[in-house]
Structures are given as structure tokens and as C-alpha cells.
Amino acid sequence: MKIEFRLPSLGADMESAVLTEWLKKPGDRVRQGEPLVTVETTKGLIDVESYDDGQLLEHLAQPGAKVPVGAVLARLEVEGTSRSPPAPPAPHATPAPPVPHAPPAPPAPHATPAPPAALTAELPAPAPALAAGSPEEAAAPHARISPAARRRAHELGVSLEDLERSGGGDIVHIEDVEKLAARKPAAPTDERALMRATIGAAMARAKREIPHYYLGHCVDFGPARDWLTRHNAPLPVKERLLDAVLITKAVALAAFRLEGFNGYFRSGRFEQSTAVNAGVAIAVRGGGLVAPALLDAHRKDLATLMQELSALVVRVRAGHLRSGEFTAATLTITNLGAEGVDVLYPVINPPQVAIIGAGAIRDRPWVEDGRVVVRPVLTLALAADHRVTDGRAGARFLRATADLLAQPQAL
Amino acid sequence: MEPNDIRAKLLCLLAAVAPDIDPESVDPERDLRDQFDFDSMDALHFASGVSAAFGIEIPETDYPKLASLRAAGELIEERMAPGR
């Protein structure tokens, strides 16, 4: 069948992107998961992947074009029915075994990687809150600038003072904004400001809509550290595992087994995801962060997770990610251990319902069998959505994660 | 290998780990974590690059010795010194 290939939402607050380069030309065969086109967003360059196997018929947008989320970029002939969004939500997970000590569940039957957009039919993202509460909005009553132009100015990082001056008393339209923006070469600070605005909008939405609750739990990281030291000692540097990989795997397994932390809250209800696509927050140098996903993290072994995390960081540093990584995360893990803080109280990334913060792993006094011993201690913090779970479920989730970290050889 | 060659090679490795930094701007004395927001993965990539490029072993306990460009240079000279 013929289908339209549209620009997916690559984040709750993305409105548009600039088409940078076509990676496939009309007539080319395409496979599911293969990048078709590169677009530039506030998160950097992102390769948008095909949802289907088939053939590209024609391009409907050209490099340089700014396209809104949901816009048709190309036409494809695909085999069978398309998997492209808007897709029905993924089938609900079978209830997870309630016992945290349960042995690792067998791999889920869906052995093929989840199509990038299977869980993220968030198209288009709700009109973001960029305007509400932004300085631009506050200045609105005094500026003779059309609302569309104001929004465009925000996107392009054009200041309203500059616009008012350039308007010379006339009403400022969207074209005026673009002319002014074209005269100002895009400076790195503009990109940073855009990323900051994007993060701000997502976090404002989180704080406005999600009734967060927070729990903290100290974990004896001794067994995990000892296991890692033994495991890493004979390996060349690039095959060694980081603490973060063990933490990610433990969290992913806990999220797979316990209901209410892995999935999306949309249209007034929670959808549990079958796969755990663990978003990992990665800081961008100079400010900002992105949280691309490690797909099916609960089913991958530690070496694979390490390789994938390593590759993700490389792509973030190079400013070049893939759409599936952005649209897929079903919960997020954020780790500030390297910065030396003890506890990180995170903010949920909507429409997800949970985020786990990991602080520094520090030697601390720890009581064991009535004696005080020194142990490397990790403080985990959970922020979760009260519309989905309560503190007791959250406590079980953190305890399950701690229990998993106590048996690192089983991860 | 001369210290200058080591330094040049280290700058290349640094650029591979962090393509978004300007190698000219590197302060050899300053901790890379503070200077370039290196996280543990960046540090591992740098250690891995150093180990492969200079053919030396870097156990995990030596990671702190790669904290700055100067410290890394000293570690490499020591490891590559004749008689080791």
C-alpha cells in the first residue's frame, strides 16, 4: 500500500524541524528502522527512521525546508499495512510477577525490536507551553507583534526588542521575524537557548500536570562494585563496564516486573509498555541534556547495554541521534554520580510516569550484622506519578532495584 | 616518544571523544571533567583511546591519573619508559 511518511514528534515539546538531508532517494528500497532523512531539531541532528519495509516513491519536502510535526515528508510503497504512527498503543504487559526476588523473566515473545514509534503515537505534541510564562509572553501587550510571529521569534531566538525596533511602528509579521533571523547568523548560544527552552517547556508541563511523589533509598553497592572490579580487571578498557550500566539494567528489570513505572500516561490513563526502553539522560556540553533510549534494556546483557550506551554518548557528543532513540523511552534514568552529589531528585519526562536518579557512590558507614562497616553506598531516588502508583508501590520498585544490584552476577 | 608528540596525540584522542571542543582551548593542567563536563563514559572513551594509541595497559585504578592532559602525558611517559 502507498503511505505518507510524516515527521514524527521527537519529544513532547517539539513543534517542527528543518530537513537537512535525504538519506534515501526515490526508487530506493527501505527497511524498517533504516534512516530515511536527517532533520535538525533543538536536540541536534536526528536521523528519522522508516517504520516499514518498502520503497521510497517521492520526496515531498526538500532540504532546507522547515516542516511542522506531522507534515508529510515523502510517499512510500510499503509491504502490508504500515506501522507508522498514529498507531494503537502497544498491548498491555502481562501482569508482572509481584515478587521482587523472582528469577529473571524469559525474554518477551516479541523478539523483533519494537518499531520506533510503536509506543509513541504522540502526534502532534500538545501545543507546548513555550508561550505561557515565557518572558516574551509577558511582554506581549506592549508589542505590536502577531502571535504567530512571536512564536516564530521564540523558535528562532530573535529578541522581541530587536523586532520592535525593526518593525518601525508597523505590525510585525512572521516574515519579518524570518528576515531578521536570516540577518543574524545562528550563534551557538541561540542553539543552547533553544535547547533550554525545549527542556523548560517539557519540565514546566511535567510540574504542571504530573503529581510527583519522591522516594529515596540507600543501596549497598559493595557486591556490585566487587563484581565489576573482578569482571573488568582482565578486559581491555573499551570492554569494561561502568556502574551506570549495572544500575540501568537493574532499574529496567524492576520496571519490567512491577507494574506502574514503565509506560505512558496519555488521554487520562496509564498504558504499561511491554518493552522497557530505558531513557538515559546525557548532558550536552555547554548546557542542556537529552535522554535517548536504550531499547529493550530489560532483555539485553550488560556488555550489549554498555556498547549501546557508549555509542549513544558518542552520537550525542557528535550532535547526531536517531529518531527511534528519541521517541521510544518508556522511563528515564539520570545519573549525576560523576558530579559528586549524593542525591538527585529528578523531574518526570512526560508522558512517562517515572524517573530514577542516581547519585555518587560513596564510601559510608553501613551497619551489617550489628557491626559498622565501610561500604560504597549509592542513593537512588525515584520520582513517580501519583495518578498511576502510590508510595508503597514506589518503595517496592526501589527495593526490587536494590535487590537486583545485590546480585550483580544475575543481571 | 617526545613529550610534544604525546601531547599532539592526546589532543587528537580528546577530539575524538569530544568532537565539539576546540583542541586549542585545552588547558593541560585542568581536570577534564571540570573543563569539558566529561562524564564517566567520556572518561572511559578517553582511557580506551589512550590505551589503544600508546599500546599501554591502564587498569581501572589508574583512571584518576588521566584526569588532566598533563597527568595523562606523565602516565604515558612513565608506562613507555625503557626498562618497564
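Predicted model: local features only at pLDDT ≥ 70, side-chain atom pairs only at ≥ 80, totals over all residues.
Helix 7 of chain A spans residues 243–257, 15 residues in total. From first C-alpha to last it reaches 22 Å.

## Nonpolar core

The largest nonpolar core holds 107 residues. A:Ala278 and A:Ala354 have the most contacts inside it. Helix 7 of chain A supplies the largest share of this core, eleven residues. The core also draws on two domains of chain A: at least three residues come from each of domain 1 (2–78) and domain 3 (211–410). In soluble globular proteins, nonpolar side chains tend to be buried together.

What does A:Ala354 touch, leaving out residues up to four places away in sequence? Its contacts are A:Phe261, A:Leu331, A:Ile348, A:Leu382, A:Ala383, A:Ala384 and A:Asp385.

## Strand pairing

Strand 4 (residues 35–41) and strand 5 (residues 44–49) of chain A form a hairpin. Two residues lie between them. Their pairing is antiparallel, over six bridges. Within it, A:Val37 has A:Val48 of strand 5 as its bridge partner.

Strand 5 of chain A also pairs with strand 16 (residues 320–322) of chain A. Here the strands run parallel, joined by three bridges. A:Ile46 stands opposite A:Leu321 of strand 16.

Notes
Residues numbered from 1 in each chain as written. Chains lettered and ligands numbered in written order. Helix = DSSP H or I, 4+ residues; strand = E, 2+ residues; numbered from the N terminus. Expected span 1.5 Å × (residues − 1). Core = buried A, V, L, I, M, F, W, Y, C linked by C-beta atoms within 7 Å. Buried ≥ 20, exposed ≤ 12 C-beta atoms within 10 Å, placed from the backbone. Domains from an automatic or database assignment. Contact = placed C-beta atoms within 7 Å. Pairing = 2+ DSSP bridges.
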